[in-house]
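Good morning, everyone, and thank you for making the time. I would like to walk you through one model, going slowly from the annotations to the place where the chains touch.

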2 protein chains.
Amino acid sequence: MSEEKENIQFQLTEELVEQVEQLIEVQNDKELHKLLDEFHYADVAEILDELNLEEAIYVIKLLDSETTSDILMEMDEDNREKVLKNLSAKEIAEEIEELDTDDAADIISELSEERQLAVIAHIEDEEHKAEITELLAYDEDTAGGLMAKELVKVYETWTVAGCLRRIRGQAKEVTRVHSIYVVDKKEKLIGRLSLKDLIVAKSEQKIADIYITSVDSVNVNDDAEDVAKVMLKYDLEAIPVVDDNQKLLGRITIDDIVDVMKEEAEKDYQLAAGITSGVEADDSIWELTKARLPWLLIGMFGGLGAASIINGFSDAMVKFPVLLIFIPLIQATAGNVGVQSSAIVVQGLANGTISGKILSRLLKEFLLGLVNGLAIAAIVLVISHFAFHTTYYESLTICVALITVIIMAALIGTFIPIFLDKRGIDAAVATGPFITTSNDVFGIFIYFLIAKLILGF
Amino acid sequence: MSEEKENIQFQLTEELVEQVEQLIEVQNDKELHKLLDEFHYADVAEILDELNLEEAIYVIKLLDSETTSDILMEMDEDNREKVLKNLSAKEIAEEIEELDTDDAADIISELSEERQLAVIAHIEDEEHKAEITELLAYDEDTAGGLMAKELVKVYETWTVAGCLRRIRGQAKEVTRVHSIYVVDKKEKLIGRLSLKDLIVAKSEQKIADIYITSVDSVNVNDDAEDVAKVMLKYDLEAIPVVDDNQKLLGRITIDDIVDVMKEEAEKDYQLAAGITSGVEADDSIWELTKARLPWLLIGMFGGLGAASIINGFSDAMVKFPVLLIFIPLIQATAGNVGVQSSAIVVQGLANGTISGKILSRLLKEFLLGLVNGLAIAAIVLVISHFAFHTTYYESLTICVALITVIIMAALIGTFIPIFLDKRGIDAAVATGPFITTSNDVFGIFIYFLIAKLILGF
């Protein structure tokens, strides 16, 4: 039996892609079917992402809509958009019929408004149509935008046996039964049950006697990120969504939350690296420029600002030219310290490990900056003296400036994210180039100011 | 009924913490019980994280081990460690008895080796003890380190009715039944079933007739990150873990994977910000210095390297002093571009959206650098001329240098992570200060080299 062992790690090889391309070219549908049917839909999506548009459409039209709907969901968003543009409203509607309401609504919302109406008009299942239309009305960053209408719901008045009988019907529509939600006559959510509880219970018992009254829920208008936080904190695999009257509207499952988390983490990472909006390595040069140039321009203006500061201290340049060669050191250190401090604060804010105590945080960063500053200044003192033959006062200037700049950068890097967070602005924008640039300019200014004080030019 | 609506968003207020502290001080156990019993264990853990050690221990000893075991799991790791140091081996064993095997093993592994043995010796449930001991043997970054022994397992020879009967027994131990795993006589994993399938099936059917033969599994020695990738890609909420002979050993659930993902994202974010090892805002100054100083030292040596380069071009400083005021601009731009490029590549590698085509990626970055470089150079050209009165050749030097530096920084930022990845090194280390520093030094060198070529000093 051991040769049956499945290799879970699907490897997307160039040979495989070429094989698929060749089968498409000779239109060997039978072999193509046989080959692709072996793979999980997520793997087929990976293959399609490597094909050109005509080839991808060929495969989508070849396979059954039951499979292709899942494949489309897993494909790269840009590629899916192109494929959908080449399918008729009726063809898209056939894919939609196979999807859960949340995925269906996600796909439809990617279409133009005109096509949305055309596709919805072609959906034959009236209930599915009504549910998708309802979901389309919610903002995508809210609980309503994440939830699916598929869920298993029982009334408190049912018996366990009756319940199991009816669940058999409802459960067929639901891919995974996480929880069974208990509602009263008015469809208000009043509790929950697990399939396990139902199986363990006696068949003549009433649901009202066995259900668990404590049930977490989120409001349909809650922010998607808040829903994610709640589900992660309480280790929930699904959470019911209710309206203001506690009426059960849908449920959100952990896989949707994992996607929210991933997007959040990627967005924060990109912001820290000075890239706006969710770009990917495969996006066009134009898209990438739009995401990258704005931050480079901020850095450029910072650089020009630093240029005017140095220009303003032109006396120093003439009298103490050796000071100029340490500009990169001052600037790099200010930037690095600022990024470190801000990253720790941004992460602490996201985790909730930083509570309001801004003063104690600043004090801690001050001490930390002092320790790091003294260590670095000591090394620089030795090296600048021996390698660059700085005088006593020049060395003193460089070291005092380094320590001051490190402390200031740590304080700025700590203060700005906390300040933004308190103002309700996403603190993650305050890392990366933003902090680097402001610290660059500020650091150079402090450097020359200290030079003026110590050397007196 | 609407006043029953639960407020899912627990708010940790200073008043609440003070209230708990006061109740502890006057030893009002009854009120304390009443107050804390209202909250979810994850919320109580948040409260305990705010108390001092004696207070936290007081609460842990007051509440039942059924609750406190969950509270301990949710507490901050450092705080938990301190609390555990103050509990006897017997007390810890009582907490352990209440936990699932994976959580139990995680907690025990945080203890010293000597205490581990003492705690294990105090576990009364022999099966639980054996399972925990087995789990402790696996590396924490492998599937074995993530899995729990709790799962629902049926033999292919059983009938549906017999199965449901026996599952009632097994399921009581398992918090959530995701999948029922089907094994043959030799305990080899041969398929799966959902509770739903079992409920929908007729009671006299054999498991062998209804089970699903396609079942994903991971090997007990697989890397935790690979397990996470597989589960996310295939949208799995649980995955069985097998040994080399396909024998069923345990299962991993999505909540453990979410933790792996979160840790990964935080680690990458910290690496990009120049912080080694998983520190938190609340760690000691010594811990934070250990995590931050190494990268600052790298930046320092880069800065000193830049100083020698400028020193080496001292002729230029005398003849064309205006060039020096643009050093911060060149340096900041080189650093920013490098971080952007490397961040996109690191993310692409993590997502699998970057395949092997290193040459086409470099070409794309070259074009992107050219576009961004031309845009920035055009603005700098105008500003340097009017604001800093640069001569024609000086302006030309600055602009050519900017374009070259941007292109080089983009290429270096792209090449280094891909190169490291191909060598099997985590590409995430190559972002942040590492890229910034190398680009700083390189950028300044290119700047002066181009100045020498154009201005000929």
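**From the record to the interface**

Let me begin with the UniProt record, an unreviewed entry, which lists residues 293-314, 320-346, 366-389, 395-420 and 427-450 of chain A under "transmembrane region". Please keep in mind, as we compare that record with the coordinates, that what you see on the screen is a predicted model.

How much helix do we find over residues 366-389 of chain A? In the model this stretch is 96% helix and 0% strand, and its end C-alpha atoms are 31 Å apart. Residues 320-346 of chain A, for their part, are 74% helix and 0% strand, with 40 Å between the end C-alpha atoms.

The unreviewed UniProt entry also lists "domain: CBS" for residues 147-210 and 211-267 of chain A. Over residues 211-267 of chain A the model gives 42% helix and 23% strand, and the end C-alpha atoms of that span lie 41 Å apart. A separate domain assignment divides chain A into domain 1 (11-141), domain 2 (152-260) and domain 3 (285-455), and the C-alpha centres of domain 2 and domain 3 of chain A are 52 Å apart.

Now let us turn to the contact between the chains, to which chain A brings 126 residues and chain B brings 125 residues. The size of an interface is often given as the accessible area lost when the parts come together. Between chain A and chain B the buried area is about 11100 Å², and carbon and sulfur atoms give 62% of that area.

If we ask about polar pairs, the count between chain A and chain B is 22 residue pairs in polar contact. On the side of chain A that touches chain B, helix α17 (residues 285-312) of chain A gives the most, with 18 residues. The residues on that side of chain A comprise 67 nonpolar, 28 polar and 31 charged.

Side chains of opposite charge can pair when their charged atoms come close. Over all chains of the structure there are 24 salt bridges, and across the interface of chain A and chain B there are six. One of the salt bridges pairs A:D43 with B:K233, at 2.5 Å from N to O.

Another salt bridge pairs B:E46 with A:K233, at 3.2 Å from N to O. Why does this pair join two chains? B:E46 sits in helix α3 (residues 41-50) of chain B, whereas A:K233 sits in helix α15 (residues 224-233) of chain A, and so the pair joins two chains.

Note on methods:
Residues numbered from 1 in each chain as written. Chains lettered and ligands numbered in written order. Predicted model: local features only at pLDDT ≥ 70, side-chain atom pairs only at ≥ 80, totals over all residues. Heavy atoms only, no water. Contact = heavy atoms within 4.5 Å. Buried area = accessible area lost by both parts, 1.4 Å probe. Salt bridge = Lys/Arg side-chain N within 4 Å of Asp/Glu carboxyl O. Polar contact = N/O pair within 3.5 Å; in protein donor to acceptor, adjacent residues only side chain to side chain. Helix = DSSP H or I, 4+ residues; strand = E, 2+ residues; numbered from the N terminus. Nonpolar A, V, L, I, M, F, W, Y, C, P; charged D, E, K, R; others polar. UniProt positions renumbered as here; feature names shortened; annotations may be inferred. Domains from an automatic or database assignment.
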